[in-house]
Amino acid sequence: MARVDQHEVRMRIVIDRPVPGVLHSLQGRDGGPLDARASDAGEPLAFDFAIRVGPGPKFLGDQVRREGPQRRFVYIRIGQMAGDPSSPWSRRMKIDIHDIGQAMLDAAATDGGRIAISVDGTGKDGTPACATVAVTGRRLV
């Protein structure tokens, strides 16, 4: 698909209630941590990045990962995977983006807004959430 058929959409992942002191990061293009940070007292963490969206919609970009023909998602690396070798956790969150509606994608692309996706950063057992996490909110900001 030619780049002329794609448009950029700015994204933000907000991790609500992260476990304090645990390093989180986006997963970079090379698979390593990108923009690592930790919450001091459980305040939300936000990670900004851009994706490209083509007809279909098809999701592309350095942070976009794929599973099968349709599923597209972004990884948040946690603990050791985010660059903290002393952390007791080595995990990733998988946050789906393939189910973002066309109307929201179009609004973000034309209005210059950002799609903010919220997830809960703490699992039921009190440790950092991992694997596929449920999106708790999605809005234009």
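These legends go with several views of one predicted model.

View 1. Eleven strands and one helix make up the chain, with helices (H or I, at least four residues) and strands (E, at least two) being DSSP runs numbered from the N terminus. Reading from the N terminus, the order is β-β-β-β-β-β-β-β-α-β-β-β. Residues are numbered from 1 along each chain as its sequence is written. Since the model is predicted, local features need pLDDT of at least 70 and side-chain atom pairs pLDDT 80 or more, while totals for chains, interfaces and linings use all residues; side-chain values use heavy atoms, without hydrogens or water.

**View 2. The buried face of helix H1.** Leu105, Ala107 and Ala108 are buried in H1, residues 102–111; buried is under 20% relative accessible area, exposed over 50%, partly exposed in between (1.4 Å probe, protein chains only). Down the axis of H1, these buried residues fall within an arc of 165°, so they line one face of the helix. That arc is taken from the directions from the helix axis to the C-beta atoms.

**View 3. What H1 packs against.** The partners of the buried H1 residues are strands S1 (7–16), S4 (45–54), S5 (58–60), S9 (114–120) and S11 (135–140). Contact here is heavy atoms within 4.5 Å.

**View 4. The other side of H1, and what follows it.** Ala103 and Thr110 sit exposed on the other side of H1. Just past the helix comes Gly112, with a positive phi of about 75°.
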